[in-house]
Amino acid sequence: MEAINIHEAKTRLSQLVARAAEGEGFIIAKAGKPMARVTAIDSPVSGQQKRLGFLTGQFKVPNDFDRMGQDEIAEMFGG
């Protein structure tokens with residue numbers, strides 16, 4: 001996450017808010033010390049980030065996945 005000096009943040013506030021709204025958060029710093037994190041309102045809470053693809057290659061979905069257990073299900077519903 002990019003750190004922006006507070007003076008620069010005041011100067012470029014509208015640009016930075018637009019970037020945050022697109023999902024690109026940033027940190028506002030004063031004298032190099034982080035003071036505030038700015039993210040979009042609908043961004044996930046820290047620690048609850050979506051982890052797309054974290055199980056890639058660890059298992060394989062069978063080709064007949066959409067038909068698995070269809071006979072048993074049909075029996076349960078009297079078909």
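Trainee: In which helix is Arg 19 found?

Mentor: Arg 19 belongs to helix α2, residues 13–21; helices are DSSP runs of H or I with at least four residues, strands are runs of E with at least two, and both are numbered from the N terminus. This is a predicted model, in which local features need pLDDT of at least 70 and side-chain atom pairs count only at pLDDT 80 or more, while totals for chains, interfaces and linings use all residues. Residues are numbered from 1 along each chain as its sequence is written, and side-chain values use heavy atoms, with hydrogens and water left out.

Trainee: Why does Arg 19 count as buried?

Mentor: Its relative accessibility is 19%, and buried means under 20% relative accessible area, exposed over 50% and partly exposed in between, with a 1.4 Å probe and protein chains only. Arg 19 is therefore buried. In the protein, buried residues make up 13% of the 79 residues.

Trainee: Which residues does Arg 19 touch, not counting residues up to four places away in sequence?

Mentor: Arg 19 touches Glu 2, Arg 12 and Glu 24, a contact being heavy atoms within 4.5 Å.

Trainee: What makes the pair of Arg 19 and Glu 24 a salt bridge?

Mentor: The closest N and O atoms are 2.9 Å apart, and a salt bridge requires a side-chain nitrogen of Lys or Arg within 4 Å of a carboxyl oxygen of Asp or Glu. The pair therefore qualifies. Glu 24 itself is partly exposed, because its relative accessibility is 39%. Glu 2, Arg 19 and Glu 24 are linked in a network of salt bridges.

Trainee: How many salt bridges does a search of the whole structure find?

Mentor: The search finds 4. Among them, Arg 12 and Glu 8 meet through their side chains at 2.3 Å, N to O. Arg 12 is partly exposed at 23% relative accessible area, and Glu 8 is partly exposed at 33%. Asp 66 and Arg 67 form another salt bridge, with the closest N and O atoms 3.5 Å apart. There Asp 66 is exposed at 63% relative accessible area, whereas Arg 67 is partly exposed at 44%.

Trainee: What is the order of the strands in the open sheet?

Mentor: The 3 strands stand in the order β1-β2-β3, and their pairing is mixed. The edge strands are β1 (2–5) and β3, since each pairs on one side only. From one strand to the next, the twist averages 35°. Along the sequence, the protein follows the pattern β-α-α-β-β-α.

Trainee: How do β2 and β3 run, and how many bridges join them?

Mentor: β2 and β3 run antiparallel and are joined by 5 bridges; two strands pair if DSSP finds at least two bridges between them, so this count meets the criterion. Ile 28 stands opposite Ala 36 in β3, and the bridge partner of Ile 27 in β3 is Arg 37.

Trainee: Why does β3 lie largely in the open?

Mentor: Of the 6 residues of β3, the number buried is 0, and therefore the strand lies largely in the open.

Trainee: What value does phi of Ala 31 take?

Mentor: Phi of Ala 31 is near 55°, a positive value in a residue other than glycine. Ala 31 lies in the loop between β2 (26–30) and β3, and this hairpin has 2 residues between the strands. Ala 31 is exposed because its relative accessible area is 80%.

Trainee: Which residues form a nonpolar patch on the surface?

Mentor: Phe 54, Leu 55, Phe 59, Val 61, Phe 65 and Met 68 form the patch, with about 640 Å² of accessible area together; the areas come from the Shrake-Rupley method with a 1.4 Å probe, and for residues only the protein chains shown count as cover. Patches are made of residues with over 30% relative accessible area and no salt bridge, with like charges joined within 9 Å and nonpolar side chains (Val, Leu, Ile, Met, Phe, Trp, Tyr) within 5 Å.

Trainee: Why does Phe 59 count as exposed?

Mentor: Phe 59 has 55% relative accessibility and is therefore exposed. Its place is in the loop between β3 (33–38) and α3 (70–76). The accessible surface of the protein comes to about 7100 Å², of which 56% belongs to carbon and sulfur atoms.

Note on methods
Axes fitted to C-alpha atoms, helices over the stretch in contact; angles between N-to-C directions.
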